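Good morning, colleagues. Please look at the sequence and the structure on the screen while I go through a few selected places.

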Amino acid sequence: MKRGAIDFFFAPANPPAKKTRYEPSTQTSTHASYPFPIPHLPTTFTETLGFAPATDGKEINNKPDLDLVYYQPYIPTEIQAGLFDFLRQELPFYRVQYNITRGGVQTQVNTPRFTTVFGVDATSRFAEDGTLVDAKTGRKVESGKYKCTPRPLPQCLEYLCLLTEATTGESFNFALVNYYADGQDSISYHSDDEKFLGPNPAIASFSLGAKRDFLMKHKPIAPSSSAPIAEPVQLKLTLGSGDMVLMRGKTQANWLHSIPKRAGVDTRMGRINITFRKAMIKGGTENYHQYNVGNGGVYRWDATQRKMMLRGHGDSPLED
Ligand SMILES: O=C(O)CCC(=O)C(=O)O
Ligand SMILES: [Fe+2]
């Protein structure tokens, strides 16, 4: 029977397949530490990234100790959605659990988002063949140096890192990635002021996917008898897909930032955050690995079920 225009309108013969917003590259980044190979950026993305930053950065330094550069957006519009899909699909993610002891009481912390990390601190670098060598001497790093197995940046993040270095004039050796599955995933107020980053660290922070509020507040200032009680100094940036915020100077030493939980329509969508940072010493590599990879199972995006699915456990590498 012939289908009329009305039938076509109301009942498509096959539900439309979800459009893939990128054409995967056949080349991959591989490393003994990766649970599966990670495809290179599609060439359409690398070509379009030639036009990044898509806008000039705006300096935000009108509050005490604050030094930001806000690119709204940095990633060109045409590839924002595709790059989000690509990274969500192709990176390994973790849901890290760890214990903290406060006042002699141990409690388990469930990190309220998916995380992953690539990079090694400035005392080491990866040689062409993927082995770790001493940054100064070029000699092979002894196997016991790190408690974890550092992972090199895959080409897809290395490319974005190099671009970010060129834009900002800063240098980075780490990419930390957060995936907030929905509005219930979050990061609580903190500052990225660890000693292993050195003084006045620069951190470039990318957003892809759902819009989320990025809240900043000045760290408490010890009250002095002469000064009047100051209003808390705060700031809200609503980060959209493709945006980048460079935090630098005295920002980390004096400000806290967070992505609070949110209810509402857009918050059913996922959001990816990538931060590029520079760790100076071994402790930075171990800290980032512990809190962003941990020792639980690896998750990968399942395009059919449209959620992160547990793919394997522990450090045992998976075949793709
Ligand atoms: O998701 C964000 O925009 C912020 C992430 C963050 O602050 C962090 O990973 O340290
Ligand atoms: Fe942070």
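Glycine 294 follows helix H6, and its phi is positive, near 65 degrees. Helices here are DSSP runs of H or I with at least four residues, strands are runs of E with at least two, and both are numbered from the N terminus. This is a predicted model, in which local features need pLDDT of at least 70, side-chain atom pairs count only at pLDDT 80 or more, and totals for chains, interfaces and linings use all residues. Residues are numbered from 1 along each chain as its sequence is written, while chains are lettered from A and ligands numbered from 1 in the order in which they are written.

Helix H6 itself spans residues 282-292, and its buried residues are Gly284, Thr285, Tyr288, His289 and Asn292. They lie on the same side of H6, because they cover an arc of only 125 degrees around the axis, taken from the directions from the helix axis to the C-beta atoms. Buried means 20 or more other C-beta atoms within 10 Å of a residue's own, exposed means 12 or fewer, and partly exposed is in between, with C-beta atoms placed from the backbone. These buried residues pack against strands S7 (114-119) and S10 (174-180).

Next, aspartate 193. An unreviewed UniProt entry annotates Asp193 as "binding site"; such annotations may be inferred rather than shown by experiment. Aspartate 193 sits in the loop between strands S11 (187-190) and S12 (203-209). Aspartate 193 counts as partly exposed because it has 16 C-beta neighbours inside 10 Å.

Finally, asparagine 254 belongs to helix H5, residues 251-254.

Conventions: Contact = placed C-beta atoms within 7 Å.
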